[in-house]
Amino acid sequence: MSLPQFKLLRPQGVSQALEYLVKYSAPDLPVQRSRGPDSRGRVSLHGSGASTQNPHLRVVAGGTDLIPSMKQKLFEPEYVLDLHAIRELRGIRPLSDGAVEIGALTTLREIERSDVLRRHYPVLTEAAATVASPVLRNMGTIGGNICLDTRCLWYNQSLTWRKGCGFCIKKDGDLCHVAPGGTKCWAAFSGDTPPALLCLDAELELASATGTRRVALRDFYTGLGDNYRNLQPNELLTGVFLPASSAGFTGVYRKLRVRGSIDYPLAGVAVAMKSTNSHIADARIGITAVNPAPLLVAGVSELLTGKIIDDSLAEAAGNMAARISKPLTTSALTPEYRREMIRVFTKRAVLAAAQARQN
Ligand SMILES: Cc1cc2nc3c(=O)[nH]c(=O)nc-3n(C[C@H](O)[C@H](O)[C@H](O)COP(=O)(O)OP(=O)(O)OC[C@H]3O[C@@H](n4cnc5c(N)ncnc54)[C@H](O)[C@@H]3O)c2cc1C
Ligand code: SF4
C-alpha cells in the first residue's frame, strides 16, 4: 500500500506550526461528515454530522499511527504538518509546585524510562511500557497516544476492503456494520496511556494562533467513535500536566491483546492508589479500548477509601469497571470476552496495586 501524495510542512517552532495550521486549513471548517461514495467510490463532504477533523491538513508526530492510516487511505490530506523538529515540545520537566509537565512530542520510550515519572507516577510509566513494541515506542509520542484515532475492524482496513463493504459512518459511508440501523459510530478508543493519565487527573495544554487553553483530559474525549476528541482544526496539543496532588499513587496497568509483543489493547485497565498506614486514602481506576473514549470508573474512591483491600473488595471494583464497559464487535475478540477481561484485570490490578503499596 502506498502513501497518497501530500505536501510536507516542517515548522521549526510552535508559533510557526500554529501559523501553518491557520494558513493551510480550509476557511469553512468545521466540515460535514460524508454521505456515501461518488462515482469513483469516494465521497463528497456533506451530510448531517459536524466534524472537528481537518480534511486538508493532518498533524504528524511520531507517525506510527497516522502513516499506516494514510496508506490505508483513511486520511488523504493535502498537507502534512510534521512536528518532529520542534524541540520545545520534547522533554519531562518537574515544576516548582511539584507538578510535572510532559512535552507532547516526548516519546513513549522516554516516559517509560523516566526516573522521575517512575518514582512519582508509576501507573503512567507502566502503561507507556506496554504500548506496541520498543521500536514503535522510540518513535511514538505521548501527544500522538492521547490524540490516537479510534479503531474498528470495519475501519482500519484498505480502501479496497472498505469499498467492498460499502464503507461506514466513520469514513465515506452512512451505515454502521457494528450497530446496523444506528447513526452513531462505536469505534473504540485504544490508547494505553490515557486511562493512566485519567487516574492522575492529567490536564492538557492546547495551543492555537489565538492563545492556549488548559483542559482536563476527562473533557478531551467526546464519547463518539468518529469525532472522538475536542480538538479544533487550528489547535495543537503541546503539553500534558500531572498535578502534584497525584504524585505518590502506586500504579498498575493491565491489558488484553492478541500478540503480547506488539498489539493495541482490546481491553485495558489502569489502577492508581494512595494509602495512609495500611488503609487506602484514595483510589482511581481508568479503562480503555472498550468504549469510544477512555473512562474513569465513578465511585471507586468511595468504594475503597478507608478500607484494607481484600478479594471481595477487588471483585466489587472489577464489577464496577465491567458495568461501564460497552465493547461491541469492533475487534476480532468478542465483546463478552473483552468485558469479562475488564472485570478480571481490574480485580487483579487492584490486588497488585495493594500489594505494591505494602512493598
Ligand atoms: C503495530 C502497531 C501496534 C500498536 N500498538 C499500540 C498499543 O499497544 N497501544 C497504543 O496505545 N498504541 C499502539 N499503536 C499506535 C501508536 O504507535 C501509538 O499510539 C503512538 O503513541 C502514537 O503516537 P505517534 O506520535 O506516532 O502519533 P501519530 O501517528 O504521529 O499521530 C496519531 C494521531 O494524533 C495526532 N497528533 C499527534 N500529535 C499531535 C499533537 N501534538 N497535536 C495534535 N494532534 C496530534 C495525529 O494527527 C494523528 O491523528 C500501535 C501502532 C502500530 C503500528
Ligand atoms: S463502529 Fe465501526 S463500522 Fe460502525 S461506523 Fe464506526 S468504524 Fe464504522
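1. The largest cavity in this predicted model is the space that ligand 2 takes up. A cavity here is a set of points, on a 1 Å grid over the protein atoms alone, where a 1.4 Å probe fits but cannot get out, and a molecule sits in a cavity if more than half of its atoms lie within 2 Å of the grid points. Rolling a probe the size of a water molecule over the atoms shows where empty space is left.

2. As to how the model is to be read, it is predicted, so that local features need pLDDT of at least 70 and side-chain atom pairs count only at pLDDT 80 or more, while totals for chains, interfaces and linings use all residues. Residues are numbered from 1 along each chain as its sequence is written, chains are lettered from A and ligands numbered from 1 in the order in which they are written, and side-chain values use heavy atoms, with hydrogens and water left out.

3. The volume of the largest cavity is about 90 Å³, where a volume is the space filled by probe spheres set on grid points that are joined across faces, edges and corners. The count of cavities of 30 Å³ or more comes to 4. Lining the largest cavity are 14 residues, and those nearest its centre are Cys152, Cys168, Cys176, Cys185 and Trp186; a lining residue has an atom within 4 Å of a point.

4. Which residues surround ligand 2? Among them are Cys152, Cys168, Cys176 and Cys185, together with Trp154, Tyr155, His177 and Trp186, where a residue is near a molecule if one of its heavy atoms lies within 4 Å of it. This shell divides into 10 nonpolar, 1 polar and 1 charged residues, whereas the lining of the largest cavity has 11 nonpolar, 2 polar and 1 charged. In this scheme Ala, Val, Leu, Ile, Met, Phe, Trp, Tyr, Cys and Pro count as nonpolar, Asp, Glu, Lys and Arg as charged, and the others, Gly among them, as polar.

5. Helix 11, residues 311-323, has 13 residues and reaches 18 Å from its first C-alpha to its last, close to the 18 Å expected at 1.5 Å a residue. The expected span is 1.5 Å times one less than the number of residues, and helices (H or I, at least four residues) and strands (E, at least two) are DSSP runs numbered from the N terminus. Buried residues of helix 11 include Leu313, Ala314, Ala317, Gly318 and Ala321, buried meaning under 20% relative accessible area, exposed over 50% and partly exposed in between, with a 1.4 Å probe and protein chains only. An α-helix has 3.6 residues a turn, so residues three or four places apart point the same way.

6. Lys73, in the loop between helix 2 (66-71) and strand 5 (79-82), has a phi near 65°, a positive value in a residue other than glycine, and Lys73 is buried with a relative accessible area of 18%. Ala132, in the loop between helix 5 (122-128) and helix 6 (134-139), has a positive phi of about 45° and counts as buried at 14% relative accessibility. Most residues other than glycine have a negative phi.

Definitions and conventions: 1 Å grid on protein atoms, 1.4 Å probe; cavity = no way out; pocket = protein on both sides within 12 Å on 5 of 7 lines; lining within 4 Å.
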